[in-house]
Amino acid sequence: MQQQRYLHLCFTLQASKELATFMTMDSDRGTFIDCHCHLAADDFKEDIGEVISRAKGNGVEAVLVVAEHYGEFDRIIELSRSFPGFVLPCLGVHPVQGLSPDMQRSVTESDIVEALPAIEKYADQLVAVGEVGLDFTPRNAKTSEDKDIQRLVLSKQIQLAKRLNLPLNVHSRSAGRPTIALLHEQGAEKVLLHAFDGKPSVAMQGIQYGYYFSIPPSIVRSEQKQKLVKQLPLERILLETDSPALAAEKQTRNEPSNIHISCDYIAEVKGVSAETVRQVTRENTLKLFPQIQRFLKAR
């Protein structure tokens, strides 16, 4: 019932003054850091400047822009130079490759041949290695060999991140338990599990290992995310949008300017103020990604 009331509030055409207040950033609030988004995606090619302007206008202080494949690396570095101290780059190879949904496939070793040296090349400009991980969705990991290769690719990127002393920005769709197990087995300590879709009991194993979890605006329509947030300690939660995906409303383009939706809904679930969530999640972000401070001071 709580979810239904919230969705009715947010998405009816007769949106009340309460909706306008909730969905629009309060100018008296502090700032947010979006710890996982895809601003190098084609969805933002035509209006990236406006997207970033809206984000800043809604209190976003910085965004961690992650890569999915080697072909995005140069674009992300270019964005970080065009918007210094705001776009903070993360480079890595995603477990699912393919430019369009109907051409997606599981990652192969050849996908990281050029990527690993490039990550090392740009290491001093990065805040994390990502987006990396496992994706055992049946359409993406069709065979046990696909899963084994995904594990190998992730292991190599874990070891690279450890060598570079960088955190990992991690994907784990339909693979929460094996992802957490592999991260721990490989000695990964600085880990963000973004948009985790597993059971809270599995997430709590990650909490025991010291890992963090980030929550997107889609929490407003996800019972799984709501249950997850109830169980996770606030001291291990970060905010993300995963833009252009995981918007509060299905089939709409998400943007970093929507980060406050995650904040407000987490506050509702936790029974604390939105300002408390904002402050604690920002502190958590700076703990996990200490390089952010350097970029913020340099701008």
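**Notebook: sheet and annotated site**

I started at one strand pair: strand E3 (residues 87-91) and strand E6 (residues 128-133) run parallel and are joined by 2 bridges. Two strands count as paired if DSSP finds at least two bridges between them. Helices (H or I, at least four residues) and strands (E, at least two) are DSSP runs, numbered from the N terminus. Within this pair, Cys 90 stands opposite Ala 128 of E6.

I noted the ground rules next. This is a predicted model, where local features need pLDDT of at least 70, side-chain atom pairs count only at pLDDT 80 or more, and totals for chains, interfaces and linings use all residues. Numbering runs from 1 along each chain as its sequence is written, and side-chain values use heavy atoms, with hydrogens and water left out.

**The sheet**

I traced the whole sheet. It is open, with 8 strands in the order E1-E2-E3-E6-E7-E8-E9-E10 and parallel pairing. E1 (32-37) and E10 (237-239) stand at the edges with a single partner strand each, so one side of each has no neighbour in the sheet. From one strand to the next, the twist averages 30°. Angles run from 0 to 180 degrees between N-to-C directions, and axes are lines fitted to C-alpha atoms, for helices over the stretch in contact.

I then looked at helix H6 (residues 144-164). H6 packs on the sheet and touches E6 and strand E7 (168-171). Contact means heavy atoms within 4.5 Å. The direction of H6 makes about 165° with that of E6.

**The chain**

I counted 12 helices and 10 strands in the chain. Of its 299 residues, 55% are buried, meaning under 20% relative accessible area; exposed is over 50%, partly exposed in between (1.4 Å probe, protein chains only). Among contacts with a separation of 6 or more, 72% link residues 24 or more positions apart.

**The site**

I checked UniProt. Its unreviewed entry places the feature "binding site" at His 36, His 38, Glu 131 and Asp 242. These positions span 207 residues in sequence, yet no two of their C-alpha atoms are more than 10.8 Å apart, so they gather at one spot. UniProt positions follow the numbering used here, feature names are shortened, and annotations may be inferred rather than shown by experiment.

Glu 131 lies in strand E6. Buried or exposed? Glu 131 is buried, with a relative accessible area of 2%. Leaving aside neighbours within four places in sequence, its contacts include His 36, His 38, His 94, His 171 and His 194.
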